[in-house]
Amino acid sequence: MPFVSAFPGLIPDESVDGVAHLIQTALTPVFMLSGIGTLLNMFNTRLARVSDRIETVRDKLDGMEDKTGKDASMLMKRLGLLHYRTLLLDAAILFGGVGGASACGSAFALFLGSVRDSSIAWWLVLMFGNALVCTVIALGMFLGDSIVAWHGLRITTFLPHRRDLLTSITPQD
């Protein structure tokens, strides 16, 4: 007995394979959107931690009597690196958001193509391709932030005899 669709014209190939392919195609942007949402959550959490560190370093600088000494210059260098990290994370969040919007656009294009029974291949490639490109750029910005953070730790890590300064800057959890 052949498969009879309750919605004729909505399923291009009215076989089980055709239905399975349509579901796979429709779910791909949704899974990508879920992954992008997780990345955006991670980027925002990291940005919040960097912002907390900036406040801590600024408070430490405001409390210093000698703002021209070695400790103050180390803190200023640390503040510059933290500012650069916020710029990288802002870019990662921006591109992640555009990638998420593009993933939504590709899911919407798939929906419109199935409802209107029209060719949407160009829009689908444009939207999903843009989602992929923006996600890769967002991950690149995050990698840049990680490299700056690792480099900053190597350069501005306090020596053991400066442990009193380290404990006054690091937030206590």
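## Starting with Phe31

Which helix does Phe31 lie in? Phe31 belongs to helix α1, which covers residues 16–63; helices here are DSSP runs (H or I, at least four residues), numbered from the N terminus. This is a predicted model, where local features need pLDDT of at least 70 and side-chain atom pairs count only at pLDDT 80 or more, while totals for chains, interfaces and linings use all residues. Residues are numbered from 1 along each chain as its sequence is written, and side-chain values use heavy atoms, leaving out hydrogens and water.

Is Phe31 buried or exposed? With a relative accessible area of 61%, Phe31 is exposed (exposed is over 50%, buried is under 20%, and partly exposed is in between, using a 1.4 Å probe and protein chains only).

How many salt bridges does a search of the whole structure find? It turns up two, a salt bridge being a side-chain nitrogen of Lys or Arg within 4 Å of a carboxyl oxygen of Asp or Glu. Arg46 pairs with Asp145, their closest N and O atoms 2.7 Å apart. That pair ties helix α1 to helix α3 (residues 121–156), with Arg46 and Asp145 99 residues apart.

Asp145 also bridges to Arg85, again with the closest N and O atoms 2.7 Å apart. Here the link runs from helix α3 to helix α2, across 60 residues. Arg46, at 22%, is partly exposed.

## Thr86 and the UniProt record

Thr86 sits in helix α2, which takes in residues 70–116. At 11% relative accessibility, Thr86 counts as buried. Leaving aside residues up to four places away in sequence, Thr86 touches Leu47, Val50 and Ile54, where touching means heavy atoms within 4.5 Å.

An unreviewed UniProt entry places "transmembrane region" at residues 20–43, 87–114 and 120–144; UniProt positions follow the numbering used here, feature names are shortened, and annotations may be inferred rather than shown by experiment. In the model, residues 120–144 are 96% helix and 0% strand (strands are DSSP E runs of at least two residues), with the end C-alpha atoms 36 Å apart.
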